[in-house]
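Me: Got a model open here. Can we go through its salt bridges?

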Amino acid sequence: MRSPSCSPLNSRRTRSLIHLSLFLFLLPVALALLTPLVPTSSGGYVTYYSGDDVVLSTGGSGVSLARALHCVIRGNLTEGFSTPPYTYAYLWADSNGWSSSGSCPVWPGFLWCGVTSDGYLQWHNWFHSTGGAIYDFRMWKDIAPVGSDFELYVPITTAHPSGSGIAGSPDLHVYVNLYDATDTQLFSVDTVYNYPVRGITAWFYGANTTAVLTHTSLDLKLWQNSSGAYFSYDNGTSVMATGKFYTAPARVEIRFYIWECNKIQPYSDYEYWINIDGVVLSPATAANAINFNGLAAGSWYLIGNDGKVIANNTLSGSGTLSYNQTSLNDEFDDENTMGWAAINLATLSESGGYLSTYGKDNTWFSDAGAYCALPSAKLGDFWVETSLKYTGQSGDLSVLYLTVKNPSGSTIAYAGVCDSWSAANPQFAYGVTGGSSWGSGSNTMPASGTVTLRLQRTGSTWTITASGAYSGTWITSGSTDAIAGVFLTHNRYFSSPGKLAQWGYIRSNLPGYVSPVANGTLAGLCNYTHVKRATFHANTTITYHEDAGYFILVQIPSQTTLTIQGVPANDVVKVYQGETLRKTVVSNGSSIVVTQAEIPQPFHGSVVVVSRPYLRPLAVYNGTLDWNDQLAYSGGSLVKSGSNTSLVPSALGSECNDAAGWSLTYNLVTGGTSPSLSASGGYVRVDEPYLHYSGNVMEAYYWLSYHINATGRNFTISLWSDAYFTFSSGGDIFEQYAEIKLYYVSGGVQLLLATTSRSLTPIMNVTLTNVSPSSVITMDEIIVEAHAYARCRRGYSLYSSNDWVRVDYLRVNYSSVPDGFAGIPVTGLQQGWRAAFGTDTYWANSSGALTIAVGASTWPSNQVVAVYPPSESYKANFTLGMAYYPLTNKTYEPATDTIYYVVSSEGYSYRVELRLLSATTVPGKVGATHVLNFTYLVYENGALRERGIPAIYINGLRAAVTRLSDTYSTSFSTPGNVQYVNFSSVDGTGIRLACRLKVTK
């Protein structure tokens, strides 16, 4: 597919053909030898011209494109009361887009209401004397209607330094009110403060609900979705009032009201203050997203202030990068399982567009699967859908469900594939807490297949839908609990094999995670395209000039192919014949040849260079690096130096007085009772109550892992471990043994250190020195493996029980990288730049620095470090509910003093050129007058021929031309501060030259 950026140039090709046609038909008879202009056996004609996007001036450097990132608010209000001036509330409102009315107290040291420098809208009372005054202050802000689904969030905190209140102190009412665009009040919440908050009333269209409180802080939250509106004062965990809004909120109001009448005391109260931390009113469908619109094709990254990539996307055309979608959606296409926690899973991975799970054995009656917790519990209506591809294995027994959980971790509803019959195919099953459960029965689903599962709740009505390997729709009433997370259940029956599960996506209207990005960078590795359109002949070499993005054509008579030169390595060259793409080449920096067999020549078309500067490093370091080196970017090079950081003696380990740091995994190959991990008597201990046998074999593995995460070299590892296994049978036992092996894991690779001989009571008592004596490595964990095996005569039972494995101590001494030393620093960069090291990419932070992780390699390393720039980047604070978009401002800089049109072949050339000699501007009262002095020359075979007076057009209007000996002069006027005009000339033969003319400096 052709790059969309090529399309604006289609008109240029048309103009070129018109120019050539005019040239062919309007040249005088004296040029009859030119007619017809057709290819000959020795070659044909090449036509090209300066182009109407060129800038004509008396000198300069070309056209510059300035791109800036703009943003618009998505119909929401996010007010943090953090903008100065920090002053009385009515003055602050006037300065910050709020309106206000009523009496605002302004007595510092007595009673006042204002915005503080620490970001609060505050009502502050300093033991104020009462005089019966009534304060009723309101401040409000209008916003664009937020739609039917929205959220309002207002956190309030209070403080009262005294240990008691003054008797008879008056109530302070703090209201938050909503109005629609017709000024109809939709909602009000009245918070009553009287040491502390004593009550709260929520009001929907006149109907109210009141609660008695004794709180010092409140999180007022109001939200509406398709099932209604809900209000809570504890951030959504407990609904206090419900209602329904029939029009959208368009104004939010804050009101403070107090009648300072105290019939018992002359004072209102001891010192107290009420803080409103902020007000957020936002569309539920957009406020929790950061969107970037109108981005050019290519790869885009949103990079945080710390240099971490927050979001990325590859766009095939002008598109949108979104971060922090309000809904939980995962297409499982980024090969990253972030957000999904493995619960009792043997494996959890993401690749090929799937999230793959495989359950551990003995998880039939427990939670096992991949869990995604929501950032906030979802009340009311929702839906969630997934696609499940499952593959059966011989003898498999497993459960694969789409499940939703409530905040306490209990299952609310599930649906999916249940295979609980030996030697039979699975069934479809679903269940809803408080509702129905159902299964279709064995052999009602294929052993392998793909099924789409959907859970939907509307009110208390649940709709379960399946399609694919099993299809149907089921409706039941059931739980209205809040949804706290999505669980992709994958259970296995004891040690039976499980089905292989590949989840294709998660789509829902459940809330996803949200957070703004402070001082982040939007970095685009986007593609830029440069085009040359012409008639191309076999004897032509076209040379691309990267610095300015233009081509020069030169004919070489001895050449038999079209040759393209000057294209940098990694840039893409596309050759079109007409509108058809005929050849695509990724340049290696050498000449690119287009043969007659590929495209018969001559042909009219275009050569496109897709410039990919982000694939060309700014600097490369190719040499030996050690863990304590550092690199600095300077003058286009990466300069290495040492950090003078040395390894230090360190020790880690466990004396096994408790099980801290140890974890147990196991594989009961032939089945048995799940073992337990404990610590007693100075040992970490695994107890196995009972092993099962299959046929005439009994086998089990136990892995005691100790996570040390140690980076250093010259490790000395000491371990004492033993095991005890017994086997008995009514028949002969042919083999029976246990063995202990010791491993360490580094970078995901498991390496064997030691093993015992086979025995029913093996003992490992080892001290291993000089592990990695010369290289710095990261040792992630140490694993003690116990393996037990027995085999008896067929037809007889095999028994084993009360077995155990123990570790007495594990001691690790080594020379370690000092605490806090993260790796090799690379400095002198700019935020948005990146460094490639092996297969890893590191992004520079806001200080222009990045760190190659000390665990990224085995040190010393000879891997190349290459620093790359983004081809486009914007640094900003990216806030929620905003839509960002880049705008291109095309600034025309002086580029050339000559515009031209050329037709040439091996034996003939014809050239028309206009050269600007001077440009003078005379300012006027309402504009300016411009005087141009130029030459207009026509060359035939390099010889100057007779010239006519060309017609000059400025912005389409003809200007008078005066001939001055060998030069010409014209003048015209422009209004205001015009910098550029459209300039064109047409001579008597019909040759037209067009460009942009710079008229101001």
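Me: What do the side chains of D183 and R251 meet in?
Reply: A salt bridge, at 2.5 Å from N to O. The term means a side-chain nitrogen of Lys or Arg within 4 Å of a carboxyl oxygen of Asp or Glu. This is a predicted model: local features need pLDDT of at least 70, side-chain atom pairs count only at pLDDT 80 or more, and totals for chains, interfaces and linings use all residues. Residues are numbered from 1 along each chain as its sequence is written, and side-chain values use heavy atoms, with hydrogens and water left out.

Me: Is R251 buried or exposed?
Reply: Buried, at 15% relative accessibility. D183 is partly exposed at 47%. Buried means under 20% relative accessible area, exposed over 50%, partly exposed in between (1.4 Å probe, protein chains only).

Me: New topic. How many salt bridges in the whole structure?
Reply: The search finds 20. One of the pairs is D571 with R616, at 2.6 Å, N to O. The two are 45 residues apart, D571 in the loop between strands 43 and 44, R616 in the loop between strands 47 and 48. D571 is buried, at 0% relative accessibility.

Me: And what about E913 and R911?
Reply: Their side chains form a salt bridge at 3.0 Å, N to O. E913 is buried at 6%, whereas R911 is partly exposed at 28%.

Me: Which residues does K499 link with in a network?
Reply: D396 and D419, through salt bridges.

Terms used. Helices (H or I, at least four residues) and strands (E, at least two) are DSSP runs, numbered from the N terminus.
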